[in-house]
Amino acid sequence: MRPLRNPAVQSALAWTLAKWMRFCFATIRWTHVNREAAEAVWDQGGGVLCVFWHSRIGLAPACWPLDRAQPAKALISLSADGEFIAKAVARQGFPAVRGSSANKDKAAMAKGGSQALRDGLKQLKVGALAITPDGPRGPANVMAEGLPLLAKLSKAPVLFIGLSCSPAIRLNSWDRAVLPLPFGKGAIVWDRADYPAGAQIADVAADWTARLNAVEARADAMTGLKP
């Protein structure tokens, strides 16, 4: 058995990671760009899609103040790695909706995509749903069509969130995941979108891929984090 598939190991590592992330977030000097876009969405309440690339899951809790913003859940895959991530983010106040944002029907069914879609739409009636639209296996920084579909069906606003910090650990994973280190500098860049009336999902996915890449690139430029 792989160690990460052992529930006891998962729980212990998730607890350790959550504690480490809280410590790092508290000591990082954060700069926000266009936070007023997020403030407006928080003020109006209701559903919102929070979107960042899979590589920035380790930074994501820093962008969502639980005492200010809508209650949030995170869409996380059904894989063993996803189970670990789900436990880690739950310890920081973000329960999981389990499934995949894949756009291929058979793959989505296999990964709980249909149930995740239903649960995601239910969550968007009351609060925020965090999505990594290139997860769970990539290709990195390429948006699957699940996010535009959710935005179209729910009519919820979308917040693209670019997250970065330096210094940081870059994992040797398919997405080159970023884990924070303490006492550095961080950046959170915001952009807001709504699903365009009458637009094709594939066209929206292409446009939103570029916009999410742009906010992440700007955040990386501010912190000096290398690709």
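Which strand gives the largest share of the lining of the largest cavity? That's S3, with five residues. Keep in mind that this is a predicted model, where local features need pLDDT of at least 70, side-chain atom pairs count only at pLDDT 80 or more, and totals for chains, interfaces and linings use all residues. Residues are numbered from 1 along each chain as its sequence is written, and side-chain values use heavy atoms, with hydrogens and water left out. Helices (H or I, at least four residues) and strands (E, at least two) are DSSP runs, numbered from the N terminus.

**Confidence**

- The protein chain has a mean pLDDT of 87 (pLDDT is the predictor's confidence in each residue, from 0 to 100), and 87% of its residues reach 70 or more.
- Residues 103–111 have a pLDDT below 50. Beyond near neighbours in sequence, this stretch has eleven contacts in the model (contact means heavy atoms within 4.5 Å).

**The cavity**

- The structure holds one cavity of 30 Å³ or more. Here a cavity is a set of points on a 1 Å grid over the protein atoms alone, where a 1.4 Å probe fits but cannot get out.
- The largest cavity has a volume of about 210 Å³. Grid points are joined across faces, edges and corners, and a volume is the space filled by probe spheres set on the points.
- There are 19 residues lining the largest cavity, and the closest to its centre are Phe52, Ala60, Ala74, Val89 and Ala130. Lining residues have an atom within 4 Å of a point.
- Strand S3 (72–76), helix H3 (80–90) and S5 are the elements that give two or more residues to this lining.

**Threonine 223**

- You'll find threonine 223 in helix H7 (residues 201–223).
- Threonine 223 counts as buried because its relative accessibility is 4%. Buried means under 20% relative accessible area, exposed over 50%, and partly exposed in between (1.4 Å probe, protein chains only).
- The side chains of threonine 223 and serine 164 are joined by a polar contact of 2.7 Å. A polar contact is a pair of N or O atoms within 3.5 Å; within protein, one must be able to donate a hydrogen and the other to accept it, and residues adjacent in sequence count only if both atoms are side-chain atoms.
- A polar atom of the threonine 223 side chain also lies 3.2 Å from the backbone nitrogen of leucine 225.
- Leaving out residues up to four places away in sequence, threonine 223 touches Ser164, Cys165, Ser166, Lys185, Gly186 and Ala187.

- The peptide bond from glycine 138 to proline 139 is cis, with omega near 10 degrees. Proline 139 sits in the loop between strand S5 (128–131) and helix H6 (146–154).
- Going from serine 166 to proline 167, the peptide bond is cis too, with omega near 0 degrees. Proline 167 belongs to strand S6 (residues 158–170).
- Lysine 155 isn't a glycine, yet it has a positive phi of about 60 degrees. Lysine 155 is in the loop between H6 and S6, and it counts as exposed because its relative accessibility is 70%.
- Arginine 176 isn't a glycine either, and has a positive phi of about 50 degrees. Its place is the loop between S6 and strand S7 (178–193), and at 36% relative accessibility arginine 176 counts as partly exposed.

**Cysteines**

- A search of the whole structure turns up zero disulfides (a disulfide is a pair of cysteine sulfur atoms within 2.5 Å).
- Cysteine 50 is in no disulfide, and the nearest cysteine sulfur, that of cysteine 63, is 6.5 Å away.
- Cysteine 50 is buried, with a relative accessible area of 3%.

Terms used
1 Å grid on protein atoms, 1.4 Å probe; cavity = no way out; pocket = protein on both sides within 12 Å on 5 of 7 lines; lining within 4 Å.
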